[in-house]
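The model is predicted.

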Amino acid sequence: MIKSTLFRAESLKQFSVFLTLLILSLSIAYATGIYGIKAGAMIVVLLLSLFIVFYIFYKYTFGFYVLLVYAHFMFLIGTLVTLPIPIGTIVDAILVLILLAILIHKQYQSKSSELESVHPFKNVIGIFIIISVIVDITQVFNPNSHISMGNTLLALRESLYLILIYFISFKVFNSKKAIIQYSMIWVFLCFLVAAYGLFQEFAGLRDFEWQFLRSDPRRFELYFIWGRVRKWSFLSDPSVFGMQMAFCGIFCFVIALGKFPAKVRIISLVLAVLILTSMSYSGTRTAVGMVPVGIALYFLMTLNNPK
C-alpha cells in the first residue's frame with residue numbers, strides 16, 4: 001500500500017513537471033509565431049531570470065557563481081544586445097539578492113561551523129575595508145576636494161561594492177571544498193577568456209568587435225598600438241584582460257609546482273602556458289611585469305618550505 005502511494009505521488013510529480021514544460025513550450029512557440037523571435041526570447045529570459053532569483057534565495061552560493069559568470073560575459077552581452085537598463089545594474093541587483101539570501105539563511109541556520117560564528121569585520125582585512133569606506137564617505141563632504149561630485153559618488157559606489165563582495169565571499173568561502181570549487185570555476189572561465197583572446201589574435205576580430213573598436217576614436221587610439229590591435233577577449237578592455245590572465249597564469253604555474261597529482265600539475269602547466277600566451281597579446285605592460293614579480297614572490301615565500 002505504501003509503495004503504491006509513493007508510486008502515485010512520484011507519477012503525479014512527473015506528470016506535473018511534464019505538463020508545466022509543455023505549457024511553457026507552447027507559450028514560447030505561440031509568442032514567437034505571433035510576435036516574432038524577440039517575444040519568445042523575452043519569455044525565455046524572463047523564466048530563466050525567475051528561476052535564478054528563486055534559486056539564489058534557496059542557495060546563495062549559486063548567486064555568487066551567477067555573479068562571477070555574468071561579470072565575465074556582461075560586456076560581451078552589452079555589445080551584442082541592446083538592453084533597456086545599464087549592464088552594471090544587473091550586478092547591483094544580483095549583489096542585493098545574494099545579501100538578502102544570506103540574511104534570510106542566517107535567521108534559520110544554526111552556526112554549524114566555527115567560521116560561521118566569526119564576524120567578517122572583526123579582523124584585519126575587515127577593519128581596513130571599513131576604514132577605506134569611511135575615508136571615501138568623508139570625501140563627499142570635503143569642501144577642498146578637486147574631484148567632482150559625480151566621480152566621488154562613483155568611488156563611494158565602488159567602496160560599497162568592496163564591502164558587499166567581501167561580506168559575501170566571507171560567507172561563501174566557509175570551507176576548503178568551497179575554495180577549491182571556486183578556484184576550478186574561475187580557472188575554467190579564465191581558460192575561456194584566454195581561448196577567445198587567442199581566437200581574436202589568430203582568426204581576427206568579428207564585425208561587431210570592429211564596430212565596437214571604431215565607435216570611439218579615443219578607444220581606437222588606445223587599442224591600436226604599433227600597427228597591432230590589443231586584444232581584450234570578451235572582457236571590458238585589454239588592461240583588464242591582461243591583468244586577469246596574469247593572475248590566473250601565475251596561479252596555474254604555482255599549482256603546477258605544488259604537491260598535487262601529476263595529472264593536475266600537467267593540466268595546470270598547459271593552462272599556464274596558454275593563458276600567459278594569450279596575456280601577451282593584450283599589450284598590457286602591467287600584466288607583463290606582474291608575472292616575474294608574482295613568480296619571484298612565490299619562490300621567496302617558499303624558500304624555507306621543505307615541501
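The sections below take up the pocket, the salt bridges and a surface patch in turn.

The largest pocket has a volume of about 930 Å³. Its lining consists of 25 residues, and those nearest the centre are Val45, Ser49, Tyr70, Leu83 and Ile90. Helix 2 (37–58), helix 3 (60–80) and helix 4 (87–108) each contribute at least two residues to this lining. Helix 2 provides the largest share, 10 residues. By class, the lining comprises 21 nonpolar, three polar and one charged residues.

The count of salt bridges comes to three, as tabulated here.

| Salt bridge | N to O distance |
|---|---|
| Arg228–Glu201 | 2.1 Å |
| Lys231–Glu201 | 2.8 Å |
| Arg218–Glu221 | 3.4 Å |

Glu201, Arg228 and Lys231 are linked in a network of salt bridges. In the pair formed by Arg228 and Glu201, Arg228 lies in strand 2 (residues 228–229) and Glu201 in helix 7 (residues 176–203), 27 residues apart. Lys231, the other partner of Glu201, belongs to the loop between strand 2 and helix 10 (238–257), 30 residues from Glu201. Both Lys231 and Glu201 are buried, whereas Arg228 counts as partly exposed, at 47% relative accessibility. Arg218 and Glu221 both lie in helix 9 (residues 217–223), three residues apart, about one turn of the helix. Glu221 counts as exposed because its relative accessibility is 51% and the cut-off is over 50%.

On the surface, Val124, Ile127, Phe128, Ile131 and Val135 form a nonpolar patch with about 480 Å² of accessible area together. Val124 is found in helix 5 (residues 124–140) and is exposed, with a relative accessible area of 58%.

Terms used:
Residues numbered from 1 in each chain as written. Predicted model: local features only at pLDDT ≥ 70, side-chain atom pairs only at ≥ 80, totals over all residues. Heavy atoms only, no water. Patch = residues over 30% accessible without salt bridge, like charges linked within 9 Å, V, L, I, M, F, W, Y side chains within 5 Å. Areas by Shrake-Rupley, 256 points an atom, 1.4 Å probe, with all protein chains shown as cover. Salt bridge = Lys/Arg side-chain N within 4 Å of Asp/Glu carboxyl O. Helix = DSSP H or I, 4+ residues; strand = E, 2+ residues; numbered from the N terminus. Buried < 20%, exposed > 50% of the residue type's maximum accessible area, 1.4 Å probe, protein only. 1 Å grid on protein atoms, 1.4 Å probe; cavity = no way out; pocket = protein on both sides within 12 Å on 5 of 7 lines; lining within 4 Å. Points joined across faces, edges and corners; volume = space filled by probe spheres on them. Nonpolar A, V, L, I, M, F, W, Y, C, P; charged D, E, K, R; others polar.
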